[in-house]
Amino acid sequence: LPISNEQHYEVPTRFFETVLGKWRKYSSCFWPEGVANLDAAEKAMLTLACERAKLRDGHAVLDLGCGWGSLTFWILENYPGCRVTCVSNSRTQREYIESTAHARGFGDRLHAIACDARVFS
């Protein structure tokens, strides 16, 4: 992977634990009326994304460009019949996702892959 990958994606996990909310969502948040903190804005965005995708319990989900697994973990926690394959181009993110999923008891419903998404098949 290119050097830009190391500069952006291979930043230590601890940094992102410090600057992101509970769900480790860094692509976007949703701040509707009444949402007053980062954790709630992450939750509002994850809820909205699943509603717009018409996600139902039992679906198999591909989370391409999963980051730190915010959507992956939201689905695994809130849709107990879903299985998720998440793809990141970061080894650090994949390791975090796998260890967190196993610690939370979701390991059997998760397949995490670290690869260059430009050539993923």
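Let's start with helix H3. Its buried residues are Ala-41, Glu-42, Ala-44, Met-45, Leu-46, Leu-48 and Cys-50. Keep in mind that this is a predicted model.

Why look at the spacing in that list? An α-helix has 3.6 residues a turn, so residues three or four places apart point the same way. Take Ala-41, Ala-44 and Leu-48, which are among the buried residues of H3. Glu-42 is on the buried list too.

What covers these residues? Helix H4, residues 70-78, is part of the cover over the buried residues of H3.

Now the length. H3 runs over residues 38-52, which is 15 residues.

Next, the two ends. At the start of H3, Asn-37 brings a side-chain oxygen to within 3.2 Å of the backbone nitrogen of Asp-39. Just after H3 comes Lys-54, with a positive phi of about 55°.

Let's step back to the whole chain. There are five helices and three strands. From the N terminus, the order is α-α-α-β-α-β-α-β.

On burial, the chain has 121 residues, and 40% of them are buried. The accessible surface is about 7100 Å². Carbon and sulfur atoms account for 53% of that surface.

Last, the contacts. Consider those between residues at least 6 apart in sequence. Of these, 53% join residues at least 24 apart.

Note on methods. Residues numbered from 1 in each chain as written. Predicted model: local features only at pLDDT ≥ 70, side-chain atom pairs only at ≥ 80, totals over all residues. Heavy atoms only, no water. Helix = DSSP H or I, 4+ residues; strand = E, 2+ residues; numbered from the N terminus. Buried < 20%, exposed > 50% of the residue type's maximum accessible area, 1.4 Å probe, protein only. Contact = heavy atoms within 4.5 Å. Areas by Shrake-Rupley, 256 points an atom, 1.4 Å probe, with all protein chains shown as cover. Expected span 1.5 Å × (residues − 1). Polar contact = N/O pair within 3.5 Å; in protein donor to acceptor, adjacent residues only side chain to side chain.
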